[in-house]
Amino acid sequence: DNQVEESEMKFITFVREPIDRYLSHWRHQRYKMNIDWTIEQFLDEPRFNNNMVRKFSKSTSVEEAINVINKMDFVGVQEDFDTSLLLMKSELSLGDDFSLDYKYRNKGVSNNNTEPLTKGILERIKKNNEKDIMLYNYIIENIHKRNKDRYKGDLNSELKELKRKRINYKENQFKKIIQKLTKNIFIRPMDYLINNISLFKE
C-alpha cells in the first residue's frame, strides 16, 4: 500500500523577499522567455501583484494567507536559506541522516544584465505588492524568529560549519570537473596518439 497517511504528511514552504521575487519574475519573462515588455508594462499587469498572498489564499486577503501559513509544518526564508535548512531539520526532527547538501539550479538573470530601476519604479513595485510585503514581514518577525529562538543547538556555530562543508563540497566538485576535463582534453587524445603512433610515421 503506497498511500501516505495524512498524519505522516508535512507541509513546508519557502518564501522570498517580495520586491526581489517580483523583479525576478519580470526578468525571467523578459530575458529568459523573451517576452518583449518593459518593467512599466509588467507593473500595469495586476495579475502579477501580491503573488505570494494569492498563492496562500483564495482571495488577496493577508489574514487568510497568514492563517494558511500558520498551519504549515515549516516556513523557510530564501534570503536566509542555510539557516532555514538547519531550522527545518530541527523543527521536523529529520535526524542526522538528512543531508543539507544542495545544488543551485535554474539560476535567475543577474541584476547586472538588466537596466537600472528608478526610485519611482521601485515605489510602484512596493505599492503593487503591499500585501506580499505584509505577509513576508509577518513571517520574518514571527515564524522565522520563533524557529530561531527555540533552536536547541548553537545555530551560529552550526551555520558556520554548514557553510564550511559547502565550500569544501564546491571545491571537491570543482576538482572533479577539472579532472574530467583534463582526462578528456589531454589524457584521452594522448592515449589515441600513443596507440595510433604508426599513423603519423612517414
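User: Taking a pocket as an open set of 1 Å grid points where a 1.4 Å probe fits, with protein on both sides within 12 Å along at least five of seven lines, what volume does the second largest pocket have?

Analyst: About 250 Å³, counted as the space filled by probe spheres set on the points. This is a predicted model, where local features need pLDDT of at least 70 and side-chain atom pairs 80 or more, while totals for linings use all residues. Residues are numbered from 1 along each chain, and side-chain values use heavy atoms, without hydrogens or water.

User: Which residues line that second largest pocket?

Analyst: Among them are Leu-86, Lys-89, Asp-96, Phe-98, Glu-158, Glu-161, Lys-165 and Arg-166, each having an atom within 4 Å of a point.

User: And which helix gives the most to the lining?

Analyst: That's α8, with 5 residues. Both α5 (81-91) and α8 (155-195) supply at least two; helices are DSSP runs of at least four residues, strands of at least two.

User: Switching topic: which residues touch the most other members of the largest nonpolar core?

Analyst: Val-15, Phe-56, Ile-69, Val-75, Leu-135 and Ile-139, out of 14. Two or more residues come from each of α3 (51-56), α4 (62-70), β2 and α7 (130-149). Core members are buried nonpolar residues joined through side-chain atoms within 4.5 Å, buried being under 20% relative accessible area. Another core, of 12 residues, lies apart and includes Leu-100 and Tyr-151.

User: What is Val-15's bridge partner in β2?

Analyst: Val-77. Strands β1 (12-15) and β2 (74-77) run parallel, joined by 4 bridges.

How values were computed. Pairing = 2+ DSSP bridges. Buried < 20%, exposed > 50% of the residue type's maximum accessible area, 1.4 Å probe, protein only.
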